[in-house]
Amino acid sequence: YFEMLNYGSFVASAGIAILLHSAYSAAHYRQYIIPNEDDLLNTEPTPPVDVLVEVIISFLLCSFGFISASGEMEPVHVSAGVGRGLESHENRTDFAVFGSNRTNKIKTRIERYKKSLQ
């Protein structure tokens, strides 16, 4: 269990804790500003700068923590897809359309209808 906990997990946890603190600070600020809203005349109060800075820092910490906790990244090889063209998609049987009895009947009805119009 302790092998899974690494540096990235602690950084991501710190980022989440800072994000929760910024949410609490924003809610506290909103409670403080509502009784004094007579001065603002229907304008939305913006959160204070320290809350915005906390959100940005927590986003960066969470991003770094989750990326570093996910393990070692593997390189993407461009040459793996070279040589396969669009014709390789024709071999996919899940998109193949087979002529069934119903499609043949519809085709003959359409042909009879076209002949009747002539």
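From the N terminus on, the elements of the protein chain run α-α-α. This is a predicted model, in which local features need pLDDT of at least 70, side-chain atom pairs count only at pLDDT 80 or more, and totals for chains, interfaces and linings use all residues. Residues are numbered from 1 along each chain as its sequence is written, and side-chain values use heavy atoms, with hydrogens and water left out.

## Exercise 1: Elements and confidence

Task: State how many helices and strands the protein chain has, and in which helix confidence is lowest.

Solution. 
- Step 1. Know the rule. Helices (H or I, at least four residues) and strands (E, at least two) are DSSP runs, numbered from the N terminus.
- Step 2. Count. The protein chain has 3 helices and 0 strands.
- Step 3. Turn to pLDDT, the predictor's confidence in each residue, from 0 to 100. Its mean over the protein chain is 77, and 65% of the residues reach 70 or more.
- Step 4. Compare the helices. Confidence is lowest in H3, at a mean of 83, and highest in H2, at 92.
- Step 5. Where pLDDT is low, the predicted coordinates should not be read in detail.

## Exercise 2: Helix spans

Task: Check the spans of H1 and H3 against the expected values.

Solution. 
- Step 1. The expected span of a helix is 1.5 Å times one less than its number of residues.
- Step 2. Apply it to H1. Its 27 residues should span 39 Å. The end C-alpha atoms are 39 Å apart, which agrees.
- Step 3. Apply it to H3, residues 101-117. With 17 residues, 24 Å is expected. From first C-alpha to last, H3 reaches 25 Å, close to that value.

## Exercise 3: Buried or exposed?

Task: Find how many residues of H3 are buried, and list the buried residues of H1.

Solution. 
- Step 1. Set the cut-offs. Buried means under 20% relative accessible area, exposed over 50%, partly exposed in between (1.4 Å probe, protein chains only).
- Step 2. Look at the chain. Buried residues make up 11% of its 118 residues.
- Step 3. Look at H3. Of its 17 residues, the number buried is 0, so H3 lies largely in the open.
- Step 4. Look at H1. Its buried residues are Gly-8, Ser-9, Val-11, Ala-12, Gly-15, Ser-22, Ser-25 and Ile-33.
- Step 5. Ask what covers them. The cover includes H2.

## Exercise 4: A loop residue

Task: Locate Pro-47 and name the residues it touches.

Solution. 
- Step 1. Locate it. Pro-47 is found in the loop between helix H1 (7-33) and H2.
- Step 2. Pro-47 is partly exposed, with a relative accessible area of 38%.
- Step 3. Name the partners. Not counting residues up to four places away in sequence, Pro-47 touches Tyr-29 and Leu-52.
- Step 4. Ala-27 is 20 residues from Pro-47 along the chain, and their C-alpha atoms are separated by 9.3 Å.

Terms used:
Contact means heavy atoms within 4.5 Å.
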